[in-house]
Amino acid sequence: MSVFTALLSRDLKLALRQSADSLTVIAFFAIATVLFPFGVGPEAEVLSRIAAGVVWVAALLAALLSLDRVFTVDFEDGTLDQLLLNGQSMTLVVLAKVIAHWLTTGVPLIIMSPVLAVTLQLPAEGYGTLVLALLLGTPTVSLVGALGAALVLGARRGGVLLSLLVLPLYIPVLIFGTAAVEAALTGMPSAPMLSILGGFALIAVTLCPFGTAAALRQAAE
Amino acid sequence: MHKFANPTQFMRIANAIYPWVAGICVLLFAAAIPIALMFSPPDYQQGETVRIMYIHVSSAWLMMMIYGIIAANSAMFLIWRHPMANLVARASAPMGAVFCALALITGMLWGQPMWGTFWVWDARLTSTLILFFLYIGYIALADAFEDSERGDKAAAILALVGSVNVPIIHFSVEWWNTLHQPSIIKASKEGVDSSVHSSILLPLFLMMGAFTMFYFALLVLRLRSELLAAKIRNARLSQIAGHSAAQPAE
């Protein structure tokens, strides 16, 4: 457990000192979202119709951009080998890294999302649900993303490959994430969608760390 | 089962059944193609376009069966390190991707006259498209490493992750939108559901059998050439090693 907290605080410290990394992801999130009004036109009714989906898609792409730094640095400088040799539970190591990733990418994305939703004219009833849906959905994004990042360690064209592996697996989160906001906007209860998002997070947190640990072990071999 | 992990053992059996598989495949195609494409009656609603369905359903069946085979073999490879399981999974993946593409293309060709559009975002089309992406991801990951063993293992893990996700994706997409008609073949206690007339079911089953045999025959051929390629590689390597030992100056 001490390794868990040590790794977590180390990763958070590193992220804080190189805060440009997190900021770049947020900047990408903003830019990608802002492109949409230029693409579909500035009419408020069109924008408010697609706002939730656009915010979700942009958040997924932004998270994707940040994934390659979850393990790459540790893989290249040998930290990963040390962790493996240490005899520590790799599952815990993975969990610490994923939580650090979520805190440094997922949380800033969630904080940023209402601001971007304002620019897309999301109706007022949608904000709470959007934030809640992102809160429940982004842990899955980090967990599945870390698995993909561990699989492509050391691969040629790793970044492009990562998007090919991970984006299809994000589709369920995207479907229910946007459906929750849509339900809130039409006055339907959004709790079922949010529960399913929470369910996905629970499935991911129980299964993904094991897969990621296995992927890391064979990457370091 | 473990004795099949030995490539020589495995190939002995595979080579023994290959003529049978290939022969049955040719016979089934010889029967299925004329019956399905010429002699079977046109559907009273769909007309002649129903013939696309014979290819479409057979491809769709294979794309799912092959994904199952890849996932099962990946598990065997990761658990017991069976080299043959890995070879079977990797040799199957491109075929699965092609059948997936075939199912998508024939589905689109059928959709144009039936639905009036090539593409609708309905549940089954969408999840087939996602399955196609999973196949492409698997193939790309398997080939992405200098060290081919690393690619084998990474791809095997990905296949297992995919096999957990395929039902989740399928259920999500289903929930998201349903427009496609429900499945036409339903196994029941009386055998096969009678909502489809036997004049259409017979050619369909012949075609599905032919496709399946075609996959197995091709799999044996691919495994055979893969093992031969490995042998040639080893022979070359030992040749080079012999040369450089004899002439250290070069």
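Q: What are the ground rules for numbering and for confidence?
A: Residues count from 1 along each chain as its sequence is written, while chains are lettered from A and ligands numbered from 1 in the order in which they are written. The model is predicted, so local features need pLDDT of at least 70 and side-chain atom pairs need pLDDT 80 or more, while totals for chains, interfaces and linings use all residues.

Q: Where is confidence lowest and where is it highest in chain A?
A: pLDDT is the predictor's confidence in each residue, from 0 to 100. Chain A averages 91, and 100% of its residues score at least 70. Helix H4 (residues 79-85) of chain A is lowest, at a mean of 88. Helix H6 (residues 126-151) of chain A is highest, at 95.

Q: Which pattern does chain B follow along the sequence?
A: Helices (H or I, at least four residues) and strands (E, at least two) are DSSP runs, numbered from the N terminus. Chain B has 6 helices and 2 strands. Their order is α-α-α-α-α-β-β-α.

Q: Is Ile66(B) buried or exposed?
A: Count the other C-beta atoms, placed from the backbone, within 10 Å of the residue's own: 20 or more is buried, 12 or fewer exposed, in between partly exposed. Ile66(B) has 24 such neighbours, so it counts as buried. Ile66(B) sits in helix H2 (residues 50-80) of chain B. Of the 250 residues in chain B, 35% are buried.

Q: Which residues does Ile66(B) touch?
A: A contact means two C-beta atoms, placed from the backbone, within 7 Å. Leaving out residues up to four places away in sequence, Ile66(B) touches Ser92(B), Met95(B), Gly96(B), Phe99(B) and Tyr215(B). Across chain B, take the contacts between residues at least 6 apart in sequence: 75% join residues at least 24 apart.

Q: How do H8(A) and H5(B) pack, in terms of axes and angle?
A: Two packed helices are described by the angle between their axes and the distance between the axes. Axes are lines fitted to C-alpha atoms, for helices over the stretch in contact, and angles run from 0 to 180 degrees between N-to-C directions. Helix H8 (residues 191-220) of chain A and helix H5 (residues 148-176) of chain B have axes that come within 10 Å and cross at roughly 170°. H8(A) and H5(B) are therefore roughly antiparallel, a label for angles over 145 degrees; under 35 is roughly parallel, 65 to 115 roughly perpendicular and the rest oblique. The residues of this contact divide into 7 nonpolar, 2 polar and 2 charged. Here Ala, Val, Leu, Ile, Met, Phe, Trp, Tyr, Cys and Pro count as nonpolar, Asp, Glu, Lys and Arg as charged, and the others, Gly among them, as polar.

Q: Which residues have the most contacts inside the largest nonpolar core?
A: A nonpolar core is a set of buried Ala, Val, Leu, Ile, Met, Phe, Trp, Tyr and Cys residues joined through C-beta atoms within 7 Å. The largest has 142 residues, and Leu197(A) and Leu141(B) have the most contacts inside it. Helix H7 (residues 158-185) of chain A gives the most to this core, with 17 residues.
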